[in-house]
Amino acid sequence: MNLESPKINVGKSPQEVFDFLSDVKNFEALMPENISKFEVLEKDKFLFALKGMPEIVLEKKEAIAPNKIVLGAAGGKLDFSLIGNITEIDETSSEVQLEFTGEFNPMMAMMIKSPISKFIETLATSIPNAI
């Protein structure tokens with residue numbers, strides 16, 4: 001399953017956006033209002049939970065400055081990645097798109113598609129205000 005957020009314009013350079021997304025503690029500022037838990041576990045790993053959902057642990061798997069950050073599920077039953085693609089518009093602005101990829105059975109995919117789409121859209125649209 002592949003889901004993409006809308007492309008969001010950010011009034012910061014790609015390097016500034018990359019640096020912000022590289023620091024996992026900054027993801028707390030991007031989370032939706034219905035977050036019930038957020039905890040940095042290690043330098044590159046954090047745990048979060050949304051109300052009524054299980055806890056999810058994400059860790060930074062790959063970082064290609066200044067254009068790409070890949071976070072992946074750390075443990076748990078689901079294997080997925082959250083990819084931040086950063087494109088330069090000019091020296092002082094960039095475009096960010098979040099991409100969610102994972103292998104799920106059809107039933108699971110049907111159940112999580114809408115909440116995950118909403119979640120990555122919330123993360124993406126929060127970036128300009130959080131940086």
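These entries cover the aromatic rings, the nonpolar core, the pockets and one serine.

**Entry 1: ground rules.** I am working with a predicted model, where local features need pLDDT of at least 70 and side-chain atom pairs count only at pLDDT 80 or more, while totals for chains, interfaces and linings use all residues. Residues are numbered from 1 along each chain as its sequence is written, and side-chain values use heavy atoms, with hydrogens and water left out.

**Entry 2: aromatic rings.** How many aromatic pairs does the structure hold? I found six. Rings of Phe, Tyr and Trp (its six-membered ring) pair if their centres lie within 6.5 Å; planes under 30 degrees apart count as stacked, over 60 as edge-to-face and the rest as tilted. I looked up Phe48 and Phe119, which are stacked, at 5.3 Å centre to centre with 10° between the planes. Phe48 sits in strand β4 (residues 45-50) and Phe119 in helix α2 (residues 106-130), so their pair ties together parts 71 residues apart in sequence. I noted that helices (H or I, at least four residues) and strands (E, at least two) are DSSP runs, numbered from the N terminus.

Buried means under 20% relative accessible area, exposed over 50%, and partly exposed in between (1.4 Å probe, protein chains only). Both also belong to one aromatic cluster, made of Phe27, Phe38, Phe46, Phe48 and Phe119.

**Entry 3: the nonpolar core.** A nonpolar core is a set of buried Ala, Val, Leu, Ile, Met, Phe, Trp, Tyr and Cys residues joined through side-chain atoms within 4.5 Å. The largest one here has 34 residues, and those with the most contacts inside it are Leu21, Phe27, Met31, Phe46, Phe48 and Ile120. Elements giving two or more residues to this core include α1 (14-22), β4 and α2. The most come from α2, with eight residues. I then checked Leu21: leaving out residues up to four places away in sequence, Leu21 touches Phe27, Leu30, Ile69, Ile86 and Ile127. Contact means heavy atoms within 4.5 Å.

**Entry 4: two pockets.** I needed the rule before the numbers: on a 1 Å grid over the protein atoms alone, a pocket is an open set of points where a 1.4 Å probe fits, with protein on both sides within 12 Å along at least five of seven lines, and lining residues have an atom within 4 Å of a point.

The largest pocket has a volume of about 380 Å³. Its lining has 17 residues, of which Pro54, Glu55, Ile56, Leu78 and Phe80 lie nearest the centre. The largest share of that lining, three residues, comes from α2.

The second largest pocket has a volume of about 270 Å³. Of its 17 lining residues, Pro32, Leu50, Pro115, Ile116 and Phe119 are the closest to its centre. Here α2 gives the most to the lining, with six residues.

**Entry 5: Ser93.** I ended with Ser93, found in strand β8. Ser93 is buried, with a relative accessible area of 15%. Which residue lies 83 places from Ser93 in sequence but 5.6 Å away in space, C-alpha to C-alpha? I found Val10. Not counting residues up to four places away in sequence, Ser93 touches Val10, Gly11, Lys12, Ser13, Pro14 and Glu88.

Terms used: Points joined across faces, edges and corners; volume = space filled by probe spheres on them.
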